Amino acid sequence: MSTKAERYRSPWLPWLPSLLVLWALVPGMALAAEFRSGDVVQVGPQEVIEEDLYAFGRTVNIQGTIRGDLITAGQQVDISGTVEGDVMSAASNNRISSAVRGSLRAAGGELTVTGPVGEDAVLAAGNLRLTPEAQVGKDLYLASGDARVYAPVQGELRAAAGTLTLSAPVGQDMHAEAGTVRLTNEARVNGNLSYRSERDAQIASGAVVTGSVEQLPARHAESRGPFLGVYFWLRSLVGLFALGLLFALLAPRFARRVTAMLRQRPLPSLGWGAALFVGIPLLATLIFILGMLIGGWWLGLFIMALYAFAIALSFPVVGLFLGRWLLERFHKTGAHLAVALLLGLVLLTLAGRVPVLGALVALATILFGLGALLLSVVRGREPAGAPG
């Protein structure tokens, strides 16, 4: 019986031998990887995966042991087993209670971390919680609307948040840019505290800062007014709109195929986009290093140039899909492609101006766009029902 996971794995089979050879040349990288996708992706409590795991689905539940790295994305992601490598996770609702022996990189609307992290943690979420059990072995970097840190941090803490609450020790300096900064009685900063905010930090009497405390002016107070912001927004909108029109005019069939792919296969697009987002820079770096030794180093730069172009193209691709979807909701199916593209890009670029939310929207746009572009290339034909 053919499963969804098997259908999306097959286009990559010709590439696997080459990838395995490249991975084998890099010390510390896994020799193989396992790919799973579907509505529900489950790794049972007794299951042990001896390699890297790429897991993408509406619901992802990891209860077993992953010997390598874990890269996952979905609507609901629960990681409660043990990951001996690094974790990269993106989800609307992200809950990580497993022990992560490497680094943790996670993003979501709701993100809760209750397990220890052996190395660095890079986190982005609308609402972020780190419980006392989620101690961070090295540095913590976060961006959030509301961030509450109850977990000890061995290294430094750098944060951008609407509201930041620290209720745990920090081993080194703390730097924050936030609307409100709070240090409770349990907070201890073993270094300097510098923060950028319009308000004075709320530092409880029991909180300890061993170094200096410095308040810097909020960034928007240093700006040249709203007209400059409107200028930069219009400049980015015009550039992306021109790129989208050029794409649609030069490759109209492919443009239709990509937007249809986003409509019909959003989760595989997100999953493969996350894999490309992480994997291409690593592959390009490896090729560049090998090229310095045996020749062909410029191939690594060429791959990174294509990667940058694909990231830029992701915004018109997702904008065109979003604009068409909205117009269909209002029964405007006969609208010109340029109207749909402009509508979608206006919404995306406006959302990108919102603190924290903008970063999440940009990341989601890149992941969906990269994945849809890849699936459209490897399938080589338009999905059924592609709009004309």
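Strand 9 (residues 104–113) runs parallel to strand 10 (residues 121–130), and 9 bridges hold the pairing. This is a predicted model, where local features need pLDDT of at least 70, side-chain atom pairs count only at pLDDT 80 or more, and totals for chains, interfaces and linings use all residues. Residues are numbered from 1 along each chain as its sequence is written, and side-chain values use heavy atoms, with hydrogens and water left out.

**Strand pairing**

- Strands here are DSSP runs of E with at least two residues, and helices are runs of H or I with at least four, both numbered from the N terminus; two strands pair if DSSP finds at least two bridges between them.
- Val113 has Leu130 of strand 10 opposite it.
- Strand 7 also pairs with strand 9 in the parallel sense, over 9 bridges; here Ser89 faces Ala106 and Ala90 faces Ala107.
- Strand 5 (residues 70–79) and strand 7 (residues 87–96) are parallel too, joined by 9 bridges, with Asp78 partnered by Arg95.

**The second largest pocket**

- A pocket is an open set of points on a 1 Å grid over the protein atoms alone, where a 1.4 Å probe fits, with protein on both sides within 12 Å along at least five of seven lines; lining residues have an atom within 4 Å of a point.
- The lining of the second largest pocket has 36 residues, and Pro266, Leu267, Leu270, Ala364 and Phe368 are the ones nearest its centre.
- Helix 8 (residues 357–379) contributes the most to this lining, with 7 residues.
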